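The exercises below are meant to be worked through with the model open beside the text. Try each task before reading the solution that follows it.

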Amino acid sequence: MTLPISLPSRAQIKARARRLCASSDGSLSHSQALEQIAHDSGFRDWNTLSAALDAPAVNAFQIGQRVSGRFMGQPFEASILNAQSTEPGWTRVELEFDTPVDVVTFESFSNMRRRVRGVVGPRGTSREVTSDGTPHLVLDL
């Protein structure tokens, strides 16, 4: 099962189920709508989705952990200085690069970074992207 990038709240899911029931002209019960939403979200059933909503956020990253990836398209190896869960599946990380990373692609000047902060999701990528659609921060998982 692939977890969605972020789960909606229980209230949002139940409101969606009510709208689904209303649009089905009574052919779909509320519990059937909840089951359908669970399946559409990649869960086995409503009970599994409900348990995922109740589960505490798990922080996949730990202080001191070694990571590698790309920041602004540049490869790096780093240590995690801080990691905090922000929402299910998303973690705010502060990284200290082993070697400073040049975050400017122009030949005429440079901007070297030794430490950065960013929020990464379940796939290890940030929501923020450059103008060409590349995530600012990508952690190799």
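**Exercise 1. Find which residues form one aromatic cluster, and work out the geometry of its pairs.**

Solution. The cluster consists of Phe 71, Phe 76 and Phe 97, where rings of Phe, Tyr and Trp (its six-membered ring) pair if their centres lie within 6.5 Å, and where planes under 30 degrees apart count as stacked, over 60 as edge-to-face and the rest as tilted. Before going further, note that this is a predicted model, in which local features need pLDDT of at least 70 and side-chain atom pairs count only at pLDDT 80 or more, while totals for chains, interfaces and linings use all residues. Residues are numbered from 1 along each chain as its sequence is written, and side-chain values use heavy atoms, with hydrogens and water left out.

Step 1: a search of the whole structure gives three aromatic pairs. In one of them, the ring centres of Phe 71 and Phe 97 are 6.1 Å apart with the planes at 45°, so this pair is tilted. Because Phe 71 belongs to strand E1 and Phe 97 to strand E3, the pair ties together parts that are 26 residues apart in sequence; strands (E, at least two residues) and helices (H or I, at least four) are DSSP runs, numbered from the N terminus.

Step 2: the rings of Phe 76 and Phe 97 have centres 4.8 Å apart and planes at 45°, so this pair is tilted. It links distant parts of the chain, with Phe 76 in strand E2 and Phe 97 in strand E3, 21 residues apart.

Step 3: Phe 71 and Phe 97 are both buried, and Phe 76 is buried as well, where buried means under 20% relative accessible area, exposed over 50% and partly exposed in between (1.4 Å probe, protein chains only).

**Exercise 2. In what order do the five strands of the open sheet lie, and which strands stand at its edges?**

Solution. Step 1: the order is E4-E3-E2-E1-E5, with antiparallel pairing; two strands pair if DSSP finds at least two bridges between them. Step 2: E4 and E5 are the edge strands, each having a single partner strand, so one side of each lacks a neighbour in the sheet. Step 3: eight bridges join E3 to the antiparallel E4, and Val 101 has Arg 113 in E4 as its bridge partner.

**Exercise 3. Which loops hold Asp 25 and Met 72, and are these residues exposed or partly exposed?**

Solution. Most residues other than glycine have a negative phi. Step 1: Asp 25, which is not a glycine, has a positive phi of about 55°, and its place is in the loop between helix H1 (10-23) and H2. With a relative accessible area of 72%, Asp 25 is exposed. Step 2: Met 72 has a positive phi of about 50° and lies in the loop between E1 and E2. Its relative accessibility is 26%, so Met 72 counts as partly exposed.
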